[in-house]
Amino acid sequence: MQSRLSVAELRAAADAAVIALACAGDDQAFTEIVRRRHARVRRFMYRLCRRPALGDDLAQQVFLTAWRSLGQLRSAAAFDGWLKRIMITTWLVEVRRNKLEFAREPEEADFGSHRETTAERMDLDAALARLPPQARLCVVLAYDEGLSHPEIATLTGLPVGTVKSHISRSAARLRELLAEYEGV
Amino acid sequence: MDSGDMPRDEDYAGGDDLRALFEREQVHVAEQPFVNEVARRVVDARRRRMLVTRVTQAAAFGALFAASHWLVLASTLLSAKLDALFSYAASALDTPYGYGAGLLCALVAALVFRRRLFG
């Protein structure tokens with residue numbers, strides 16, 4: 001569908017207006033949503049899978065699923081929570097499908113093109129990668145996304161008690177693994 | 001749910017060090033070619049969806065056209081059977097028993113829908 005607004009107008013438009021246009025089938029508006037949200041979705045996926053190429057692939061899947069399901073979105077205000085749910089579902093499906101290894105070393109060539117390779121960052125990622133996928137998801141949602149235990153339980157479908165135990169055990173494990181780094 | 005909300009203190013008592021580390025260790029991601037790639041895939045998906053819709057519509061129209069002969073025969077047969085059924089029902093109702101059965105049905109209906117009929 002041809003966009004009702006120019007690219008410049010879309011860039012200046014409020015989030016709610018862009019989302020409403022995307023819901024009405026405006027592909028340019030959807031591209032603008034991707035432009036505004038891509039960093040968050042990709043960072044989330046990188047943290048979880050530790051492979052930039054796979055992270056980008058999963059982030060693309062998230063946006064395509066969002067585009068296909070835009071009709072189910074009740075209001076523009078609910079967009080971010082709805083997108084987060086898609087992100088989590090995409091990750092859980094990937095874990096189930098591929099049984100991702102979680103102590104895998106990163107691909108150096110992949111990281112080189114995507115980010116600075118500081119020893120500390122490598123170690124945060126390496127430490128995260130040593131956690132089981134469900135616990136890793138809970139930790140990333142808690143400390144990276146800033147969600148509370150009940151919010152994480154709602155989004156992941158896990159009982160609040162399980163979320164709490166995943167987070168407390170994983171936090172202790174992370175501290176242990178990162179002990180040699182300053183500030184942790 | 002707003003992802004930007006900070007977690008409640010009681011949820012993460014003592015987790016400030018990890019929160020600070022996650023915040024400090026934000027990965028930098030380049031906008032392109034990711035955004036263009038998603039836009040291209042959306043255009044492809046839309047094109048595929050339209051193609052599937054057109055093919056389905058054409059197949060449905062073709063099936064309707066191919067089956068039209070049998071559809072006409074079936075509707076003629078159905079119409080004849082319904083004619084016979086209605087004339088049998090009309091002759092059965094046009095008797096004292098028929099009037100009685102009709103009255104009984106009306107009474108049952110009035111009882112069932114009494115609230116809607118009489119408030």
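User: How many disulfides are there over all chains?

Analyst: This is a predicted model, in which local features need pLDDT of at least 70, side-chain atom pairs count only at pLDDT 80 or more, and totals for chains, interfaces and linings use all residues; side-chain values use heavy atoms, without hydrogens and water. Residues are numbered from 1 along each chain as its sequence is written, with chains lettered from A and ligands numbered from 1 in the order in which they are written. A disulfide is a pair of cysteine sulfur atoms within 2.5 Å. By this rule the count over all chains is zero.

User: Is A:Cys138 buried or exposed?

Analyst: Buried means under 20% relative accessible area, exposed over 50%, and partly exposed in between (1.4 Å probe, protein chains only). A:Cys23 has 36%, so A:Cys23 is partly exposed. A:Cys138 has a relative accessible area of 0%, so A:Cys138 is buried.

User: Which chain B residue does A:Phe30 touch?

Analyst: Contact means heavy atoms within 4.5 Å. Residues up to four places away in sequence are not counted; the partners of A:Phe30 include A:Phe63, A:Trp67 and A:Leu70. From chain B, the list holds B:Val42.

User: Which element gives the most to the lining of the second largest pocket?

Analyst: On a 1 Å grid over the protein atoms alone, a pocket is an open set of points where a 1.4 Å probe fits, with protein on both sides within 12 Å along at least five of seven lines; lining residues have an atom within 4 Å of a point. Eleven residues line this pocket, and A:Arg74, A:Ala78, A:Gly81, A:Trp82 and A:Arg85 lie nearest its centre. Helices are DSSP runs (H or I, at least four residues), numbered from the N terminus. The top contributor, with three residues, is α5(A).

User: How far apart in space are A:Arg85 and A:Leu155, C-alpha to C-alpha?

Analyst: A:Arg85 lies in helix α5 of chain A. Beyond its neighbours within four places in sequence, A:Arg85 contacts A:Thr154 and A:Leu155. A:Arg85 and A:Leu155 are 70 residues apart in sequence, yet their C-alpha atoms are separated in space by 6.0 Å.

Conventions:
Helix = DSSP H or I, 4+ residues; strand = E, 2+ residues; numbered from the N terminus.
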